[in-house]
Structure formats: structure tokens, C-alpha cells
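Welcome! Please take a moment with the sequence and the 3D view below, and then let us walk through the model together.

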Amino acid sequence: MEEIKLVEVGPRDGFQNVCDFIPTEIKLNIIDKIAQAGVRNIMITSFVSPRAIPQMRDAREVAGICLERYPRLHLSALVPNLRGTQDALAAGIRELAIVISVSEAHNRANVNRTPAESFVELGHIVDNCPEAQITLDLATTFGCPFTGQIPLEQVQAAVHQGYDLGIRSMTLCDTIGAAHPAQVRRYVQALLEQFPDVEFGVHIHDTRNMGMVNTLAAIECGITSVQAALGGLGGCPFAPGASGNTSSEDLVYMLNHMGYRTGVDEQKLLEAARYAHEHIKGNFSGHQIQIAPDKTELFS
Ligand code: COA
Ligand code: ZN
């Protein structure tokens, strides 16, 4: 069976939606448990305005410590603009997810720009920061919290804009968990066909309990890079009605048992999720964290 790259986004998407500040020490402990479970790709923080997301005000510290501790892992961060890109690069992070929403209304709410303005800024980033390894995160690909459905043509146009700037790595984000498997198949198949040299990943929220089926639908169409968050934490504070991401420990359980190769120890990842659940007051939506430990061990 195929190899699947799991990108753990709990320390970014999960933490950003938690109201109380999570002590940096606890964040680092959770990241460590994720790394010990064998996850090789971790989005550890975001370099955003502390006024927009106060939770991420320790981004530099988290980045500095993690880069020293895990020199062989792929550590990434989300950035919304040139300033965030420069801050992330100065902190030593090279792998950057630059977020632009397909939907104009959500891009305005999220980063206070039109998508067109954000693409102009992306052009400046490409020109000025050659050392950045950029992934374009296309938020609201499958639906917008303000305007509803997003037609495939609008997504194709956004991918085209990124493509024309030289971007060959993109994430299709279901920011508010609006997609269903038939839509995921239609969008993913069309994009893979139209842009065969772009590496697409998916990032799917579980608002309507479809995170797992939608992620699996994407994999069965040929996607090999999937994002998920520990404990099913997550959500965008600027997308009303959104809830957590697909839970990474539940997703890894499914993929490992189906025979996909994730390289992740599902029991250790579940322990990491339990630790997060014990130490953070957030909207956990993972299923296995609610099962008694002796019952989950039976299926390891
Ligand atoms: N990191 C930290 N500070 C930043 C910043 C960044 N990436 N980008 C801008 N700032 C600061 C500016 O220096 C300025 O500071 P000052 O008031 O002390 O001079 C202030 O923020 C306003 O700058 P401006 O460019 O006008 O930003 P804005 O108010 O239009 O906000 C964003 C735009 C993108 C910075 C803000 O909306 C943001 O950080 N959004 C992140 C949203 C997010 O993370 N969503 C969840 C993930 S999808
Ligand atoms: Zn998200």
C-alpha cells in the first residue's frame, strides 16, 4: 500500500482556536510527544499578528527550540503576509504555509485583504524570499462561512494564480468542514488532472463529521499528503461555525489498519492526544481519546 505523508497541524490550527494561553512548555511537550510518535511533518506555530491570534505570540521561541531539538523533522509554520514570512525565516523556519482564501469574504475576515491583494503579496514573497519553501494553503476551497458554496472554477482560478507565481505545492483546505466525499472527488480529480506537476495536500475540518470520509476520498483520488490535528482540535477564529480538524490519531488508526504506510505509531500518537486533552481547555472532537486506554490497546 501507498505511503501517506501525515502533516500534524495541531500545534498551529489546534492551538490557535484555544482561548486561554497555553504555556509554551505545554506546547513543547505536546510537540515532543507528536515527534516521538514518528510524525515527520509538524506545523508548529504561525507568525501572525498577536492582535489577531494572541495564542501564537510565542512563535519565535517555539520555533527556535523545536529547530534545535528536531533537526531532521520537517517543521513548518503558517504565515499570512511578507512580514510573517520574514519573521519565520529569521527564526529559522524554511517550510512556510502561506494562507490565501479562495473566498473574498473569508480572506478579508482572516487577513484583512482581498485575495487579489494577497496574491500580489505572495508575488513579493516569491521575489524577495528565495530561501522560503512555499506551500499555498487555499482556505475555503470547499465552502465559505459567509457566502456558502465555492464553485470549482473559482478554485481552479486561485490555483492558477499560485501556479503562475511558481508555486508547486498547495493545500486544499476545507476550512469550515462543508465538503462531502463526492465534492472532494470532483475537485481533487479535476485539479490533479489540470495541474499534474503540483503537489496537492488536503486539510479538512470535521464540523459535519465528514473529516475521515473526505480525507479518505482525497487519498483514493491520488492525494498522498494529508493534514490533521491531534485530538481533533482546531478551527479558524475568523470562520464562524467551524470546528476542529480531522483528528490525527483517529486518521492514523484508520490508515495504518487499512495498510497505508504513515510511519506513525498510532498508540503513541493517541497518548500525545490524551496528554493534550488533559492539559488544554479546548474543543476536542477526536473519538479515541474518549475510549478507556485498556480498550484502545486491544487493537494496537
Ligand atoms: N506578525 C506579527 N505582526 C504583524 C504581522 C505578522 N505576520 N503582520 C503585520 N503585523 C503587525 C504590523 O507590524 C502592524 O503593527 P503595528 O500596529 O504595531 O504597527 C499591525 O500588525 C498591523 O499591520 P497590517 O499590515 O495593517 O495588518 P492588518 O491589521 O491588516 O492584519 C494580518 C493583517 C494578516 C497581519 C492579520 O489579519 C493576521 O495576522 N491574520 C492571521 C489570521 C490567522 O492566523 N488566521 C488563522 C489561520 S488561517
Ligand atoms: Zn484549518
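Does Ala109 count as buried, partly exposed or exposed? Ala109 counts as partly exposed, with a relative accessibility of 32%, where buried means under 20% relative accessible area, exposed means over 50%, and partly exposed lies in between (1.4 Å probe, protein chains only).

Before going further, a word on what you are looking at. This is a predicted model, in which local features need pLDDT of at least 70, side-chain atom pairs count only at pLDDT 80 or more, and totals for chains, interfaces and linings use all residues. Residues are numbered from 1 along each chain as its sequence is written, chains are lettered from A and ligands numbered from 1 in the order in which they are written, and side-chain values use heavy atoms, with hydrogens and water left out.

**The whole protein**

The protein holds twelve helices and eight strands; these are DSSP runs numbered from the N terminus, with helices (H or I) of at least four residues and strands (E) of at least two. Along the principal axes, its C-alpha atoms fill a box of roughly 50 × 40 × 35 Å.

Of the 300 residues, 57% count as buried. The exposed surface comes to about 12,600 Å², and carbon and sulfur atoms supply 49% of it; such areas come from the Shrake-Rupley method with a 1.4 Å probe, and for residues only the protein chains shown count as cover.

**The zinc ion**

Which residues coordinate the zinc ion (ligand 2)? They are Asp13 (OD), His203 (NE2) and His205 (NE2), at 1.9 to 2.1 Å. Donors here are N, O and S atoms within 2.8 Å of the metal (3.2 Å for Na, K and Ca), and water is not among the atoms, so sites may look incomplete. Along the sequence, the donor residues are spaced D-x189-H-x1-H. Both His203 and His205 are buried.

**Two residues with a positive phi**

Most residues other than glycine have a negative phi. Thr140 is not a glycine, yet its phi is positive, at about 60 degrees. Thr140 sits in the loop between β5 (133-139) and α7 (152-164), and it is buried, with a relative accessible area of 0%. Asn209 is not a glycine either, and its phi is positive at about 65 degrees. Asn209 belongs to the loop between β7 (199-204) and α9 (211-220), and counts as exposed at 57% relative accessibility.

**Places and partners along the chain**

| Pair | Separation along the chain | C-alpha distance |
|---|---|---|
| Ala109 and Phe238 | 129 residues | 6.0 Å |
| Gln156 and Ala190 | 34 residues | 8.6 Å |
| Glu193 and Thr135 | 58 residues | 19 Å |
| Arg168 and Leu152 | 16 residues | 19 Å |

Let us return to Ala109, which is in helix α5 (residues 104-111). Setting aside neighbours within four places in sequence, Ala109 is in contact with Phe146 and Phe238.

Gln156 is part of helix α7. Leaving out its neighbours within four places in sequence, its contacts are Ala190, Leu191, Gln194 and Phe195. Glu193 is found in helix α8 (residues 181-194) and counts as exposed, at 70% relative accessibility.

Where is Arg168 found? Arg168 lies in the loop between α7 and β6 (169-174), and at 31% relative accessibility it counts as partly exposed. Beyond its neighbours within four places in sequence, Arg168 is in contact with Tyr163, Asp197, Val198 and Glu199.

Key:
Contact = heavy atoms within 4.5 Å.
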